Amino acid sequence: MNGGRKSFGAKKGARGAAGSQSKDGQRRPMFRRRKVCKFCSDKIDDINYKDTKLLLPFVPERAKILPRRISGTCALHQRKLRVALMRARQLALIPYTAE
Amino acid sequence: MTRKYELVYVVSPEASDDQVADLHNQVEAIVQRIGGAIERTDNWGRRRLAYEIGRHKEGTYVLEVINGTGELMKEIDRRIKVTDLIIRHLVVRVDETEAVIARTKAARTKTSQRRRVARGLPADRLPGEGQRGDADDDRDDRFDMGNERGMDR
């Protein structure tokens, strides 16, 4: 029954797929929203260090860079994002750490 | 070999507006002496720093877009390093990344135009057609995602 979902699950690795089978062997589809890269879907070409409004969602409370596995950003854009964040950090636009 | 650079410097909060203007004039003088041009200057005004830089919590940000050679930027960098009033600065070369961005944008509009023509539509999107853009953000009054988060922590 969950054949359709499974193909999506493969993209997120083993953890997403494991949830689809319950204890008594009954198959229950596990719905997890498929993550997409924000920069690809919004067609943002320029990941600029000056644009804090764009960058801030990618630095959660501890001010660490949000990993790809959480944000769903594609590899290309994560690399560009990392450079932009590091530049913004140098200029104290974005914190290195939070306390 | 003239290239395009962006220089951002953070001036100490104790500096007066005249001193900030004076720093800009100093940069301009170096640019003119060595050969180059300032394309754009942008004063972002006083902003709160994300972290303290030597007991300062605020700073005045100034952005200069400079066309010039690497030697020119080296000299500006050296001068800024010895200026006590500037607490932080960053020089980034931007001409190559800008070219890449322009290229991807052009490629994207070209493909979309080709596809639209193939579907029998006019090449450019008509007003009011398709998805709503970012400009319509203002209509969303419930989730104001301004920059309260992070910056003012």
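**Exercise 1.** How many residues has H3(B), and what distance does H3(B) reach from its first C-alpha to its last?

*Solution.* The structure is a predicted model. Step one is the count: H3(B) consists of 24 residues. Step two is the span: from the first C-alpha to the last, H3(B) reaches 35 Å. Step three is the check against expectation: at 1.5 Å a residue, 34 Å is expected, and the span of H3(B) is close to that.

**Exercise 2.** Find out whether H3(B) lies in the open, and look at what comes just after it.

*Solution.* A residue is buried if 20 or more other C-beta atoms lie within 10 Å of its own. Among the 24 residues of H3(B), the number that are buried is zero, so this helix lies largely in the open. Just after H3(B) comes Gly120(B), which has a positive phi of about 80°.

**Exercise 3.** Work out the strand order of the open sheet in chain B and name its edge strands.

*Solution.* The open sheet has four strands, in the order E2-E3-E1-E4, and the pairing is antiparallel. E2 and E4 of chain B pair on one side only, which makes them the edge strands. From one strand to the next, the twist averages 20°. Now take one pair: E1(B) and E3(B), residues 56-68, run antiparallel and are joined by nine bridges. In this part of the sheet, Lys4(B) stands opposite Asn67(B) of E3(B). As background, strands of a sheet pair through backbone hydrogen bonds.

**Exercise 4.** Describe chain A by its elements, its burial and its contacts.

*Solution.* Chain A has six helices and zero strands. Read from the N terminus, its elements run α-α-α-α-α-α. Of its 99 residues, 19% are buried. Among the contacts in chain A with a separation of 6 or more, 59% are between residues 24 or more positions apart.

How values were computed:
Residues are numbered from 1 along each chain as its sequence is written. Chains are lettered from A and ligands numbered from 1 in the order in which they are written. This is a predicted model: local features need pLDDT of at least 70, side-chain atom pairs count only at pLDDT 80 or more; totals for chains, interfaces and linings use all residues. Helices (H or I, at least four residues) and strands (E, at least two) are DSSP runs, numbered from the N terminus. The expected span of a helix is 1.5 Å times one less than its number of residues. A residue is buried if 20 or more other C-beta atoms lie within 10 Å of its own, exposed if 12 or fewer, and partly exposed in between; C-beta atoms are placed from the backbone. Two residues are in contact if their C-beta atoms, placed from the backbone, lie within 7 Å. Two strands pair if DSSP finds at least two bridges between them. Axes are lines fitted to C-alpha atoms, for helices over the stretch in contact, and angles run from 0 to 180 degrees between N-to-C directions.
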